[in-house]
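Please look at the sequence and the structure shown here, and keep both in view while reading the report that follows.

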Amino acid sequence: MAAAPSFAEMEYRRVPLEEMKSQHEALRQQLHSADANGIVEIARKWTQLRSRYETMSTLNQVRYTIDTRDTVVKEERKFLDDQEPTIEEWNTVMRRALLAHPHRASLEKQFGRQFISSMETAVQTFDPKIAEHLKKQSDLSMQYTDLIASARIEFEGKTYNLSGLEQFLHDERREIRHQAAFKRYEFFKTHGAELDRIYDELVKIRHAMAKELGYPNFIPLAYKLLFRTDYGPNDVAVLREEVRKHVVPLATRWRERQRQLLGVDELCWWDLKLLDGKPAPRPQGDADTIIQNTARMYNELSPQTGEFFDMMRKRELFDLVTKEGKAGGGYCTSFSDFGVPFVFSNFNGTKGDVEVMTHECGHAFQCWSSRNQPLLEYRWPTYEACEIHSMGMEFLTYPWMELFFGAAAERFRLVHMIESVVFLPYGCAVDEFQHFVYSNPDCGPEARKKEWSTLEKKYLPWVNYGDLEYASKGGFWQGQLHIYNAPFYYIDYVLAQTCALQIWKKSRENRERALQDYMAICPPGGSQSFLQLVKTGGLRNPFEPGVLSGIVAEAEGYVGKFL
Ligand code: ZN
């Protein structure tokens, strides 16, 4: 591993494709005569090869998102994207060769079962014969992204896109919220036929891809694409039923309390964001203040998190404040050759700024803790496990919220807790919807909307769209990006939140213990599967009936203190 420079000092150098090709070929040649030690050595060299390429590609990606107007960086991005399938094909060939090797047992002995599982899963989900389908799928995803991004909505004398309009759904004035909601669904109504067409084509292409690879439909393929090696659709169905049984009634009670606090006869869709009847609290001070307070928080939390955050600051592994030309959103990524993570966000003065410092830094802390893992596959765990680290950190940092919100800290925690719990039924609705869609790939747009409405009644019985015609006829889900572009991913947030809430409950009973257990699940990274990590962290399996009832009782008591 190279000495870790600061972000600004990291130098981008294009890795020549020809050179990579000959290195891949050389490794494959050596595999023919490799013995038990040789195969381990080859796996290490292959990791180095991929790590070098991935580090450069990520460096370019980060610089591109920091300034999307930089034409040199953008051109290089295009170049890298174009050669990606070729490199993936070489990696697939390598995985197949390693798996078929007479000494593959020594790979398992050296690196553990998880390396074999991840390679097996990767080769079962890719074949050159689906390359055309994959290309079509990404074209359709882009059509969805572009269509949503194309929204130009006139509101209060200004023009907004859909995410810009979002702020008015948090406004104190009910009429403004109603108008903003109305404008939002006017957009969806206007583009409804197009949104239906894109989704219909996506579903058909995913079904066809699954058939090509020998699966009965897209569901088992999707689970493999998400590297879900130790649970399946039946386990997920048990969890959804638990949410319906235990969380929906509590969320319904909270919604009724919200209606009372707002002083309205009927709680409508445009009222939902004001969880305690008021707009969310805002952090005090500017970005520098938030960073200084974050440093203090992580140093007080534990020596490990303190060391981590000081390192992030020293090496400037952040780009936090919103500015012209910067891409939207927030994320955490990593430069594997340097063993360091990077956090990107768009601070805009809302409570989200503080949540970036807890959520994304939770991801970053885990990644940094896994920096000595020997394989690229092990630097990050699977997606649902990743979110335990981030969402868990949001709860572990509750006692420091006074630093950011002062007297409004209790309200911040209250709103955060309600948000975390009421999210669970929504996440289940999104998940059950997709199981329906891909079990019935030919059912068509009308049947899909009908199913969504049925699921809303099951999981979100308080939803009242009033005069929002398009939404009341089952069109709401078309605004959920994951349903189009990241199929079956959404339940990962429910799984992780079920674990993160356990961390919160434990931290109220025994703070030291909760912190110790959290620290235990960071260094293993991807070397353990989801359920193994859950065990390592002393957490209960979220697929076991009964896990949620205890959490729900604790959360209800906690929120009841404020509401
Ligand atoms: Zn996350």
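## The sheet around strand β5

Strand β4 (residues 331–335) is joined to β5 by 5 bridges, and the two run antiparallel; strands here are DSSP runs of E with at least two residues, helices are DSSP runs of H or I with at least four residues, and both are numbered from the N terminus. Two strands count as paired if DSSP finds at least two bridges between them. Within this pairing, C332 stands opposite V343 in β5. β4 and β5 form a hairpin with 4 residues between them, and G339 in the turn has a positive phi of about 65 degrees.

On the other pairing, 3 bridges join strand β3 (residues 318–321) to β5, and these two strands run parallel. The bridge partner of D319 in β5 is F344, while V321 stands opposite F347. Together, 3 strands form an open sheet in the order β3-β5-β4, with mixed pairing. Because β3 and β4 stand at the edges, each with a single partner strand, one side of each is left without a neighbour in the sheet. The twist from one strand to the next averages 20 degrees.

## How the model is described

This is a predicted model, in which local features need pLDDT of at least 70 and side-chain atom pairs count only at pLDDT 80 or more, whereas totals for chains, interfaces and linings use all residues. Residues are numbered from 1 along each chain as its sequence is written, and side-chain values use heavy atoms, with hydrogens and water left out.

## What covers the sheet

Strand β5 (residues 340–347) is mostly covered, since 8 of its 8 residues are buried, where buried means under 20% relative accessible area, exposed means over 50%, and partly exposed lies in between (1.4 Å probe, protein chains only). In a regular strand the side chains alternate between the two faces of the sheet. In β5, V340, F342, F344 and N346 point one way and P341, V343, S345 and F347 the other way, and all are buried.

Helix α2 (residues 36–66) lies across β3, β4 and β5, running at about 145 degrees to β4. Helix α14 also packs on the sheet, touching β3, β4 and β5, and its direction makes about 170 degrees with that of β5. Contact means heavy atoms within 4.5 Å, and the angles, which run from 0 to 180 degrees, are taken between the N-to-C directions of axes fitted to C-alpha atoms, for helices over the stretch in contact.

## The zinc site

Which protein atoms are the donors of the zinc ion? They are H359 (NE2), H363 (NE2), E387 (OE) and E387 (OE), lying 2.1 to 2.5 Å from the ion. Donors are N, O and S atoms within 2.8 Å of the metal (3.2 Å for Na, K and Ca), and water is not among the atoms, so sites may look incomplete. The donor residues are spaced H-x3-H-x23-E in sequence. The pair of H363 in helix α14 (residues 352–369) and E387 in helix α15 (residues 383–396) links distant parts of the chain, 24 residues apart. Both H363 and E387 are buried.

The arrangement is irregular because the 4 donor atoms subtend angles of 54 to 143 degrees around the zinc ion. Four donors count as tetrahedral if all angles lie between 85 and 135 degrees; four count as square planar and six as octahedral if opposite donors are over 155 degrees apart and all others between 65 and 115, and anything else is irregular.

## The nonpolar cores

The largest nonpolar core has 163 residues, and those with the most contacts inside it are M417 and F530. Helix α17 (residues 409–439) gives the largest share of this core, 17 residues. A second, separate core of 20 residues includes L49, M94, L107 and L375. A nonpolar core is a set of buried Ala, Val, Leu, Ile, Met, Phe, Trp, Tyr and Cys residues joined through side-chain atoms within 4.5 Å.

Leaving aside residues up to four places away in sequence, F530 touches D230, Y231, T382, E384, A385, I388, L495, C499, P542 and F543.

## Two loop residues with positive phi

Most residues other than glycine have a negative phi. F227, in the loop between α10 (218–225) and α11 (233–262), has a positive phi near 55 degrees, and F227 counts as partly exposed because its relative accessibility is 31%. E316, in the loop between α13 (303–314) and β3, has a positive phi near 50 degrees, and E316 is partly exposed, with a relative accessible area of 46%.
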